[in-house]
Amino acid sequence: MVPTLAGVVLLVFFLFKFFGGDPAQILAGQVASQEQIDAIRRELGLDRPWHVQLGIFLREILTFDFGKSWMTREQVSSIFLTRLPATLTITIPILLLEVALALPIAMLVAYNRGTLLDRTVMAVCVAAMSISFLVYIIVGQYIFAFQLGWFPVQGWSDDFWRNLFTYAPLPIVLAALVGLAPQTRLYRSFFLDETKNDYVRTARAKGLSEPAILRKHVLRNAMVPVLTNVSLLIPGVFVGSFLLEIFFSIPGLGREIYLAVNRSDYPVIQAVTIYLSVLTMLINLAADVLYTYVDPRIQLR
Amino acid sequence: MAAVLDITPENAWLALWRRLREDRVGAVSLGIVVAYLAMIVFAAAGLLARGWSEEVGVPYANPAFVGERPNFEAQLAQRAREKRGAAVDLTDVDPLAPKYGEWQKRTAELKTTERERSTTLPWGGDRWGRDVLAKAIKGSQVSIAVGVVAALCATLIGTILGAFAGFYGRWVNDFLEWVYNVFTSIPSILLIFSLAAVLRSGAFADLFASGIWTVVIILSVTGWTGMYRLVRAEFMKHRSREYVLAAQAIGASAASRMFVHILPNVSHVILVQLSLLVVAFIKVEVILSFLGLGVPVDMVSWGTMLSEAQTELVIGKWWQLAAATVFMAVFLTAFSMLTDSLRDALDPKLR
C-alpha cells in the first residue's frame, strides 16, 4: 500500500508539474508584470529545483495543509469539510437503495432464468444502460420538478433533514433507478455462477425447494462477489454524484472539483485526488478484512 | 482412419462469422452497427450532413411530423430582425467616428445574403435554426469516432503492457503491477478531471485545443487498466504452453513468441474487452462533452447536443433531446448486444 501511495503522489505531482500550466501565470492572471509573476514564483517555491518542490508537496499532504484555493482564497481543508456533508447526504442513500433494490430483483430473475421474464428484464437493462445518465437527469428534472412540481427544481439548505427530505429525494431516486440496471445484471450473473456449484446440486438432490436453495445457500455464497462490488462502489460515494450536484445545484465535493477544473484551480484538484485515493485504498483494505467474516474460507496472508 | 485425420480445422474467424449469423440477436445488432458505420463513413466523406452548421431553418423550427405549431421564439427573432433599423446617430460623441467611412467601405465590399429559412425541418431545428437531424448524424460521427479511437489506444497500451508483464514476469511484472495499482487506486473520475485540468490549461493546451485528441488521451490513459489485467492473465497462462515452447525451440525470438504466436491466441479476449471499452468510452465522452471538457465548441457530439437540449426542454423544444437520445441509445444497445453475441460465439465452452 505504501509504494502505491508513493506512486499516486508522484503521478499527481509530475502530471501537474510537467503537463500542467505555469501556476504563477495562472495565479497572476492575464495582465501581470514580470515582477508580480516572479514574486508569486518565490512564494510558491517554484524557483527551487523540482525535488525541493516535491518535498513541499509532501509536507502539504502530510500536514493536511494545501493552503488556499487559487481562485476563491478558501482554505482547501475547509472546502473538504463544508462540501463533503452535502455529497454524502445524497450518495449514501443512493448506494443503499441501489443494493437493496438490485438484490431481490436479481434473485427473482436468477430464479426464473431462461424464461421470458428473465430475458425481458435483461433486455430492458441493456436498453436502459444505453441511454446516457444525462438524459435521465434532464428528463427526470423536467417531468418531476418542472411539470409536476413534486420536488423543488434545485436548491439546498443548511438543515440536514430538510435537505434529505426536500432537496435530495429527486436526485437520489433518479440515480438509484439508473444504477439499478447494471447492478441487477451483475448480481444476476453472481447468482447464476453460484448455481453451477456442486453444493447446489447436492441441495437439489436432497429435495430442497428451489427458493430455499437460493435463499439459504446461493445468497450467502453470492454475498462475497456482491461485497466486492459494493466495496468498489463506495469510493464513488465521495465524488460520484458530481453530475447530480451540477444539475441540482448541490454544494458538494463533486461539483466543487468540476468548478476547480474549469478555473484551473490546481491545489483543490490535487488535494481531492490524493486524499480520495488514500480513502479508496483504506476502503479496499477494510473490504479485504470483511471477507474473512463473510466467508471463513478466505484467509488473509 | 485416414479420413478422420484429413479433417482440417475450421478457420477460427470463419467459424465466428458462422456462429454470429446463426444468432438472430447478434445478426440484427451487427446489421445496425454496420449501418451506423456506413453513416459515419458517408458523414466523414462529406456526403451526408455536410451542412449541419448552416442555419437552414427558423430558430427552433418545428419537426415536419409535428407540422405547423406556434413558434414564439422564431417570431421574436423575426421581429428583432425587422426592428433593426437605423441606429442612433452618435457621430458627435463617438471617438471612433472618423473611422465610420472606412468601415462603410469595407462593409460594401462584403455581400450578405439572407437565405430562405424554412419553418419546418425533418427533425426540427435548434436555437440557431440548424437541422437537428444533420446534427445528430454529425454528432454520431464524432461520438463514435472518439469512442472507437480511444478504445483502440487504450487497447494498444493495455495489450503491450499486459503482454510484457505476463510474458516476462519477475521485475517487469512487479513494476507494471505497481503502475497498475497506482492508476486504479485513483478514482477514475478524479483522474479524468485531473487530466482535463492539465490538458486544458497546461503546456500542451494549444497543441490539443482543436480536435478530439484531448478526449482520446483522457479516455485511453484512464481506461487501459482493465485490458492490461486481462491480457496479462492470458499471457501468463500461455507462455509455458507447448506451442510457445515449440516456437522457442525452433529459435523464435521473445517478441515473435509474444506477438506472432501468443497474441492471435488471446485476440478473442481482447476483441470482447475492446467492444466493452467502446460502449463505456462513448458514455464518458458524452458526459465530458456535456460538461464542456470534451470535444471543442466548433464540433457537435451527442454530449454537446444534450447540453443544448437541457435548456430547450424547459421551453418545450424536445426534439434535439429526442434525436441525441435515440441515436445514442440505438447504437449502444446494438453494440452491447453484439458484444454479448460475440462473447458467446467466441466462448470455446459453448461450441
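These entries record what I looked up in a predicted model with chains A and B.

**Entry 1: overall form of chain A.** I counted the secondary structure elements of chain A and found 15 helices and zero strands. I then compared its radius of gyration, 24 Å, with the 19 Å that the globule rule gives for 301 residues; the value is well over the rule, so chain A is more spread out than a compact globule. Along the principal axes, its C-alpha trace spans about 85 × 55 × 35 Å. I noted that 31% of the 301 residues of chain A count as buried. Of the contacts in chain A with a separation of 6 or more, 67% are between residues 24 or more positions apart.

**Entry 2: helix H3 of chain B.** I checked the length of H3(B), residues 24-44: at 1.5 Å a residue its 21 residues should span 30 Å, and the end C-alpha atoms are 30 Å apart, which agrees. I listed its buried residues as Gly26(B), Ser29(B), Leu30(B), Ile40(B) and Ala43(B). Viewed down the helix axis, these fall within an arc of 145°, so they line one face of H3(B). Their cover includes helices H2 (12-22), H6 (132-168) and H15 (319-346) of chain B. On the other side, I found Arg24(B), Gly31(B), Val34(B) and Ala38(B) exposed. After the helix comes Gly46(B), with a positive phi near 85°.

**Entry 3: contact between the chains.** I recorded 36 residues from chain B and 40 residues from chain A in the contact. On the chain B side, H7 (170-185), H8 (188-201), H13 (254-290), H14 (302-314) and H15 each supply at least two residues. By class, that side has 26 nonpolar, nine polar and one charged residues.

Terms used
Residues numbered from 1 in each chain as written. Chains lettered and ligands numbered in written order. Predicted model: local features only at pLDDT ≥ 70, side-chain atom pairs only at ≥ 80, totals over all residues. Helix = DSSP H or I, 4+ residues; strand = E, 2+ residues; numbered from the N terminus. Expected span 1.5 Å × (residues − 1). Buried ≥ 20, exposed ≤ 12 C-beta atoms within 10 Å, placed from the backbone. Arc of directions from axis to C-beta. Contact = placed C-beta atoms within 7 Å. Nonpolar A, V, L, I, M, F, W, Y, C, P; charged D, E, K, R; others polar. Rg over C-alpha atoms; globule rule 2.2 N^0.38 Å.
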